[in-house]
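Q: I would like to go through the pockets and the surface of this model. Could we begin once it is displayed?

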Amino acid sequence: HDANYQAKDTVTVTTNEFGTFEGTFTAPSDGLTGQMSIGTPHGTAGFRVEEYKRPRFEVTLSTPAQTVRVGGKAKVIGKAMNFSGIPLAGATIKYRVRRTARAPWFWGFWCRVPRWSGASAEILNDTVVADEKGS
């Protein structure tokens, strides 16, 4: 079904001895994009269809040299280049730094409690302008 819950196609499939099946379909090239669904009498799965927009540039970021602690400082160097290798000099770059608390990997193994992630907190939100090297 499309975003207006209009049926777009029907495919007949046969299940195997495990009750599973496979099949293919092609999303319509005309009509609405957005939330769509595939369903059987036993359930439905939703997915999104979006228009593909080819990227025109790439941004790369360095990894901090050492682990950053809460309240500490980190230096991250970024570079913005178009795909022909020319730096995006003078480009306005908006960035956001967020912190999310996470339980250590071993909590679920040793403590028999599920891993958790806390709420995200925004630490910094700013805008910079790239220099002649795209940095």
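Q: Which strand supplies the largest share of the lining of the largest pocket?
A: That share, 7 residues, comes from β5. The model is predicted, so local features need pLDDT of at least 70 and side-chain atom pairs count only at pLDDT 80 or more, while totals for chains, interfaces and linings use all residues. Residues are numbered from 1 along each chain as its sequence is written, and side-chain values use heavy atoms, with hydrogens and water left out. Strands are DSSP runs of E, at least two residues, numbered from the N terminus.

Q: What volume does the largest pocket have?
A: Its volume is about 1100 Å³. Among its 30 lining residues, Pro64, Ala74, Val76, Val97 and Arg98 are the closest to the centre. A pocket is an open set of points on a 1 Å grid over the protein atoms alone, where a 1.4 Å probe fits, with protein on both sides within 12 Å along at least five of seven lines; lining residues have an atom within 4 Å of a point. The volume is the space filled by probe spheres set on the points, which are joined across faces, edges and corners.

Q: How much space lies in the second largest pocket?
A: The second largest pocket holds about 730 Å³. It is lined by 27 residues, of which Asp9, Thr10, Val11, Ile38 and Gly39 are the closest to its centre. The lining divides into 11 nonpolar, 12 polar and 4 charged residues, and its largest share, 5 residues, comes from β1.

Q: Changing topic, where is Phe25 found, and is it buried or partly exposed?
A: Phe25 is in the segment before β1 (34-40). Phe25 counts as partly exposed because its relative accessible area is 44%, between the limits of under 20% for buried and over 50% for exposed (1.4 Å probe, protein chains only).

Q: What about Ala130 and Glu132, buried or exposed?
A: Ala130 is buried, at 5%, whereas Glu132 is exposed, at 60%. Ala130 lies in the segment after β6, and its C-alpha is 6.9 Å from that of Leu88, 42 residues apart along the chain.

Key: Helix = DSSP H or I, 4+ residues; strand = E, 2+ residues; numbered from the N terminus. Nonpolar A, V, L, I, M, F, W, Y, C, P; charged D, E, K, R; others polar.
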